[in-house]
Every structure is written in structure tokens, then in C-alpha cells.
Amino acid sequence: MPARAHRYVSRRRVLGATAATALSAAAGATFAQLASSKTLRIILTAPPGSSIDVLGRVIADKLRERSGQAVVVENRPAAGGTVGTHEISRATPDGATIGLSFTGPLATAPFLYSKLPYDPVKDLAPIVLVGTAPNVLAVPSALPVNSFKEFLAYARQRPGQLNYASVGNGSASHLSMELLKTEAGLYLVHIPFNGAPPAVQATAAGDVHAVMSNPTTLLPVVQAGRIRLLAVTSRDRWPALRDLPTIDESGFPGFEAIAWNGFVAPAATPRAIIDALNREINTTFAMPEVTSRIEAAGWQVGGGTPESFGTFMQAERARWQPVIRRSGARLD
């Protein structure tokens, strides 16, 4: 089925219930009252210093302050976050262990690996969406295009002659461009790099013709005049880049390709504990110091109910499965 035939569901519509709705729900027992352990273990599926690590630790600090419990944070970034996500899934479902995972381990990994040691639908329970972020299509400043539409025309006139960088095979950077290739009828050659810094630097140097990457990694080279931003992959314009058009508004209605992350727990965790954690984390989102840290790390604050996060993840899996199948991307 062509990608454009898919029913793209915007973050705004899928989440439905906002943090304010969650906070106004009937108050239940606090997490501290329900927890079977005096220590909360939070597994972060990204390395120390990453944006997800920053988000997880900011929220962990607030949970510690509010509950009076000990909170231990552990980084488990191996295998693109799937090792840490597996560890979350097999923890005792008593509320003592939760984790912050993201798009790859929760949505695309089942289609990229021939065998995954966990099922993100059956083995994990959604708690709350934490943050979302777009990718941005960027080109070297030396490339003779000044807009997204000019890039499309330039690429269509040179099928197979242009390449693009990604931050890795199967990454959001890779899959976002594969989705655009299908939607726009482009023939671009994929060159995967090991992470965002080398992919962005190769683009700035003119070694590749384009890249999809997150705004945080692109802005320093944009300010240096080495890269030009053309379009953003979120459905709505990105708050930090209001002048940059979306691909959706540039001739491809419904186009959306965002990165995201959220808290999950082992599947059999009692619903009362899930709800209590959801309330606690949504409460932190109302704190300006938390919101500012999330936004400074390059993310837009999430929120909502466990159900809205679960629906969102289901939509994301449905979105990316055909893209991965068409691209032939594999991680094993």
C-alpha cells in the first residue's frame, strides 16, 4: 500500500487527553502509598548525556522530591535501546521498576530485528508520553536549492545521482527520509553514519547531498552558514523554528515523522500503580523548570493518559511497518 494511503494520525489528535485532563481526574492513592518498594528503579534506554537521559533524570529528581522515595536511575543503551527495554519488560511488575524508552525499541524494532526478546505490545504497559521531536531536512549550503520544493525538483531531475546521510540504519533519521522518498517519488541513495555528529558534518562538508536529523544537532552548523534547513517533519510547525515550513504544508498532506519517548512498565503492573505514576509525571510537566529542561533538550512536552500513549504507539507501529518493509532495513 502506498505510504500516502495510510491514515496518519497527528500527535495532537491521538493523545486527546492532555496533561491538564489527567491532572483533573479523580485523585487516587499516591504512587508512594501503592509502591511495594521504597526504591523506584528507572531504566533509561539511552546513554548518559543524551537528551533522553536528561529528560529521565529531570523527572526522576521530581519524583524523588514529591514522593520522598529513593529513586535509582540506570542507563541501558545497548542495541539501540532494545536491551534496556527488554530489561523493563521482564522486571517484577510491582511498580518498583519502570523505564523511559523511545520510538525504536517501542515501535520500529519489531520490524527491524528478525527476533526480539520482548513484544512491546504484550510485555509492556504504557504510562505516559514524555516528549516528541521532529527531524529536519537539511542540505549543504553549497547545494543550489533554497526551498523544499526546489530540492524536490533538483532531486527528481537527478534520479540515483544524489545521496543522503542518516544517523544509522533503521533510525528515525533513515526512516523519515525513506518515507519522503516514497511520498515524493525520489530516488536517493542512503549512506548511514554512526550517529548524528558525523552525518551532519558530512552534510556540512558537501560529502552528501542531504540529511534528516533533529534540530538540536543541526542548529550549530546552520548558524555557521554551512547547512541550510528546508522543512520539518512534524505535522505542525516546530515552536523553535516557526519560519520553517512543514512537509505536510508543502504539498504532502498528512506527512508526519517524529521521534518520541515515554515511560513504560512491565505489562502486569497493577493499573492503580500505572495511574498513580501517570498522575505524578503529568504533575511534573506543569512545573516550569521541568518544561524548560525538556524544551532545552530539543523536545516538546508530552503528557496525557496511559490509554492515549498506548493508542499513539499503536499508530506509530502501523505507520512505520510498511516503510521499513519497503526500505529493506534490517538491524541483524
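Mentor: From strand β3, Thr97, Gly99 and Ser101 point one way, whereas Ile98, Leu100 and Phe102 point the other way, and all are buried. Buried here means under 20% relative accessible area, against over 50% for exposed and in between for partly exposed, with a 1.4 Å probe and protein chains only. In a regular strand the side chains alternate between the two faces of the sheet. Strands are DSSP runs of E with at least two residues and helices are runs of H or I with at least four residues, both numbered from the N terminus.

The model is predicted: local features need pLDDT of at least 70 and side-chain atom pairs count only at pLDDT 80 or more, while totals for chains, interfaces and linings use all residues. Residues are numbered from 1 along each chain as its sequence is written, and side-chain values use heavy atoms, with hydrogens and water left out.

Consider next the neighbours of the strand. Strand β1 (residues 39-44) runs parallel to β3 and is joined to it by 4 bridges; Arg41 stands opposite Thr97. Strand β10 runs antiparallel to β3, also through 4 bridges, and here Leu100 faces Phe263. Two strands count as paired if DSSP finds at least two bridges between them.

These strands belong to an open sheet of 6 strands with mixed pairing, in the order β2-β1-β3-β10-β4-β11. Because β2 (70-75) and β11 (300-301) stand at the edges with a single partner strand each, one side of each is left without a neighbour in the sheet. Strand β4 (residues 124-134) pairs with β11 in the antiparallel sense over 2 bridges, and Thr132 has Gln300 as its bridge partner in β11.

Not counting residues up to four places away in sequence, Ile127 touches Ile98 and Phe263, among others; contact means heavy atoms within 4.5 Å.
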